[in-house]
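Subject: Structure handover

Hi,

Here is the structure you will be working with. Please open it and keep it beside you as you read.

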Amino acid sequence: MNIQDIKQDWIDQFEKPLIIAGPCSAESEKQVMEIAERLDKDYVQVYRAGIWKPRTKPGSFEGVGAIGLNWLKRVKDEFNMLTATEVANASHAKLALEFDVDYLWIGARSTVNPFTMQEIAEALRDTDKVVLVKNPVNPDLDLWIGGLERLAAQGIKNLGVIHRGFSSHNKSKYRNNPQWQIALELKDRLPNIPIIGDPSHIAGRRDLIAEVAQQAFNLEYNGLMVETHCNPDEAWSDAKQQILPETLKDILVDITLRKKNDSSDVFSTKLNRYRNEIDELDNQLLGLLASRMDVAKKIGNLKKEHNVAIFQPDRWNVLKKLAIRNGTRMGLSEEFLEHLLVSIHKESVDLQNEIMDK
Ligand code: PEP
Ligand code: MN
């Protein structure tokens with residue numbers, strides 16, 4: 001089945017944006033039920049809880065395991081909500097199907113691995129459940145789309161993606177850099193695929209959730225996945241980014257939904273999309289520049305320790321030549337590159353001077 005041809009009309013059942021909410025991890029039956037009770041069902045259609053948790057380091061809480069599936073079943077029965085959990089291997093996938101979990105998502109650390117994706121896709125063969133693929137941790141659009149293709153090839157028709165941002169070594173105010181332009185390119189290439197924003201994992205901090213959520217709707221996302229907990233500070237995973245169910249409602253009430261494209265505002269919609277891309281890229285540029293200046297400071301300290309002069313004409317000429325050659329190959333004008341490099345270089349020299357003067 002060609003992924004381009006699948007309609008993805010499962011999303012049309014929702015009159016409002018699709019909101020998936022619940023704790024990062026199921027911790028106890030009581031915690032799961034209390035959060036479900038406090039979520040406003042007028043806004044939240046799907047209850048999420050991770051029961052198998054991929055953690056960066058061993059020794060952290062790795063999820064309650066299969067017992068949590070019973071708790072999700074209770075949420076479904078008692079609150080009439082759809083349920084969602086992460087599956088990270090074939091046995092998770094089979095268990096989730098057995099317990100009738102409605103939406104299964106593939107986590108960022110699984111999407112990244114084609115063997116894992118293939119194994120999960122085969123375990124879910126021909127399922128009618130909705131399967132949502134989070135972006136891989138690294139900014140690789142083909143890998144993300146490849147995951148969807150593996151699922152489609154196994155006859156899985158109800159698909160969607162979750163944009164949770166990308167790991168980055170560069171400084172940014174976010175835990176995972178959104179790199180909106182990658183998700184927008186996915187929208188361009190696969191216009192039928194519903195796209196859900198995950199402001200919790202993008203932001204990593206609860207005070208940024210509202211702004212990231214609004215940005216997702218500015219880009220016409222179909223919905224959000226937001227981590228909510230009754231006692232966020234005490235959560236067993238991702239404590240900093242979880243919010244109260246009531247806070248989620250406040251955010252959703254305040255959010256502005258952007259209307260869909262129509263012939264009369266094609267221009268402004270496109271303009272907004274491009275402007276958001278520009279803002280995002282500018283953010284990345286600034287982050288990169290800040291990182292570059294940090295390295296320049298290290299060099300300043302090194303030169304000071306060894307009593308070496310700041311300005312090294314040979315190095316500057318080589319650097320400039322190389323950057324102009326690379327930059328012009330990328331389609332940037334030589335004049336622009338000259339200005340940019342001189343300005344960056346001047347700032348580095350000023351910073352190093354400051355260090356020498358100290
Ligand atoms: C999660 O949703 O709790 C999770 C582990 O997300 P991700 O795969 O995006 O890190
Ligand atoms: Mn989480």
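Below are the ground rules, then the findings.

This is a predicted model, where local features need pLDDT of at least 70 and side-chain atom pairs count only at pLDDT 80 or more, while totals for chains, interfaces and linings use all residues. Residues are numbered from 1 along each chain as its sequence is written, chains are lettered from A and ligands numbered from 1 in the order in which they are written, and side-chain values use heavy atoms, with hydrogens and water left out.

**Overall picture**

The chain has 13 helices and eight strands. These are DSSP runs, numbered from the N terminus: helices are H or I with at least four residues, strands are E with at least two. The C-alpha trace spans about 70 × 50 × 40 Å along its principal axes. Of the 358 residues, 49% are buried. Buried means under 20% relative accessible area, exposed over 50%, and partly exposed in between, using a 1.4 Å probe and protein chains only. Take the contacts (heavy atoms within 4.5 Å) between residues at least 6 apart in sequence: 74% of them join residues at least 24 apart.

**The cores**

A nonpolar core is a set of buried Ala, Val, Leu, Ile, Met, Phe, Trp, Tyr and Cys residues joined through side-chain atoms within 4.5 Å. The largest one has 71 residues. Tyr 47, Trp 144, Leu 159 and Leu 248 have the most contacts inside it. Helix H6 (residues 141–153) gives the largest share of this core, six residues. Another core lies apart from it, with 14 residues, including Leu 18 and Ile 162.

What does Leu 248 touch, not counting residues up to four places away in sequence? Its partners are Ile 19, Ala 21, Leu 39, Val 44, Val 226, Thr 228 and Ile 243.

**The metal site**

Ligand 2 is a manganese ion. Its protein donors are Cys 24 (SG), His 201 (NE2), Glu 227 (OE) and Asp 238 (OD), at 2.1 to 2.4 Å. Donors are N, O and S atoms within 2.8 Å of the metal (3.2 Å for Na, K and Ca); water is not among the atoms, so sites may look incomplete. Along the chain the donors follow the spacing C-x176-H-x25-E-x10-D. Cys 24 sits in the loop between strand E1 (18–22) and helix H1 (29–38), and His 201 in helix H8 (residues 199–203), so the pair ties together parts 177 residues apart in sequence. Both Cys 24 and His 201 are buried.

**One more residue**

Ser 348 is in helix H13 (residues 334–357). Ser 348 counts as buried because its relative accessibility is 7%. Beyond its neighbours within four places in sequence, Ser 348 contacts Arg 292, Met 293 and Ala 296.

Best wishes
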